[in-house]
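Colleague: I have not looked at this one before. Can you walk me through it?

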Amino acid sequence: MISPWDRWYSTSCCLCCHVRTGTIILGIWYMLINAVVLLILLSALNDPVQYRYHLTSSELGTDIDVMDDANICIATAISLLMILICGMATYGAYKQHAAWIIPFFCYQIFDFALNTLVAISVVVYPHTVQDYLQQLPGTFPYKEDIMSTNNMCLVFAVLLFIGCILSFKAYLIGCVWNCYRYVSGRGTTEVLVYVTTNDTMVLLPPYEEAIAIPPKEPPPQYMEA
């Protein structure tokens, strides 16, 4: 009987590329996004007057800093940690070290769980969508038109959007998991494997069988005439 893990196991992902290639591309993409965020945060630390955001008194009645120096430092540390995790996943997929992929896989599970909790909160408390729209600034485009829409339609649209995001994230989780299984499976195989640049495998017999010398047949017995 085939287990569910083996049933969904595949060595190919989107664009018909190998799961190793897909994991490397995904790790580089996450590193680029977090690098851009890190540059913005570092710029905010160097020039706080230009990058610090304030809510005007006409909106909340007070002048409150949305992002202070402490929050910027925390966000900077998170961005550095994410760059490290994504770099480990990229290196692990490239050098075929399965243990280096695990932190990135755990991050994907954590991110998927958070988005799932958001979807559940929208279902349990549907009025939170209207509350969130009311907190948006008055300059937000089409704010009045969106708020005039039926609440059930807004909840359905939000759930549909979150469902598409969760489906895409689940597919990426499956790709990274298949890459981990592929890399870890190659480390436990009993044959010698050589991989070319296009991931074509050439299998050789085990070392003991390759060097084994067949025993010689004993000489025929001497028979007197």
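Predicted model: local features only at pLDDT ≥ 70, side-chain atom pairs only at ≥ 80, totals over all residues.

Colleague: In what order do the elements of the chain run from the N terminus on?

Modeller: They run α-α-α-β-α-β-α-α-α-α-α-β-β-α. That gives ten helices and four strands. Helices (H or I, at least four residues) and strands (E, at least two) are DSSP runs, numbered from the N terminus.

Colleague: How many residues are in the chain, and what share is buried?

Modeller: The chain has 225 residues, and buried ones make up 24%. Buried means under 20% relative accessible area, exposed over 50%, and partly exposed in between, with a 1.4 Å probe and protein chains only.

Colleague: Which residues touch the most other members of the largest nonpolar core?

Modeller: Leu26, Phe104, Val176, Cys179 and Val183 do, out of 19 residues in that core. A nonpolar core is a set of buried Ala, Val, Leu, Ile, Met, Phe, Trp, Tyr and Cys residues joined through side-chain atoms within 4.5 Å. At least two core residues come from each of H2 (19–46), H5 (69–95), H6 (102–124) and H9 (151–187). H9 gives the most, with six residues.

Colleague: What is Val176 in contact with?

Modeller: Leaving aside neighbours within four places in sequence, Val176 is in contact with Thr23, Leu26, Ile101, Phe104, Phe105 and Gln108. Contact means heavy atoms within 4.5 Å. There is also a second, separate core of six residues, Val129, Leu133, Leu136 and Leu154 among them.

Colleague: Back to Thr23. Is it buried or exposed?

Modeller: Thr23 is buried because its relative accessible area is 1%. Thr23 is found in helix H2. Not counting residues up to four places away in sequence, Thr23 touches Ala89, Ala93, Cys175, Val176 and Cys179.

Colleague: New topic. How many cavities of 30 Å³ or more does the structure hold?

Modeller: One. About 50 Å³ of space lies in the largest cavity. On a 1 Å grid over the protein atoms alone, a cavity is a set of points where a 1.4 Å probe fits but cannot get out, and lining residues have an atom within 4 Å of a point. Grid points are joined across faces, edges and corners, and a volume is the space filled by probe spheres set on the points.

Colleague: Which residues line the largest cavity?

Modeller: Tyr30, Gln108, Asp111, Lys169, Leu172 and Ile173. H9 supplies the largest share of the lining, three residues.

Colleague: What about Asp111: buried or exposed?

Modeller: Asp111 is buried, since its relative accessible area is 17%. Its place is in helix H6. Asp111 and Leu166 are 55 residues apart in sequence and 9.6 Å apart in space, C-alpha to C-alpha.

Colleague: Which residues does UniProt list as "transmembrane region"?

Modeller: The unreviewed UniProt entry lists 28–49, 70–94, 100–125 and 152–172. UniProt positions are given in the numbering used here, feature names are shortened, and annotations may be inferred rather than shown by experiment. In the model, residues 70–94 are 100% helix and 0% strand, with end C-alpha atoms 36 Å apart. Residues 100–125 are 88% helix and 0% strand, and their end C-alpha atoms lie 39 Å apart.

Conventions
Residues numbered from 1 in each chain as written. Heavy atoms only, no water. 1 Å grid on protein atoms, 1.4 Å probe; cavity = no way out; pocket = protein on both sides within 12 Å on 5 of 7 lines; lining within 4 Å.
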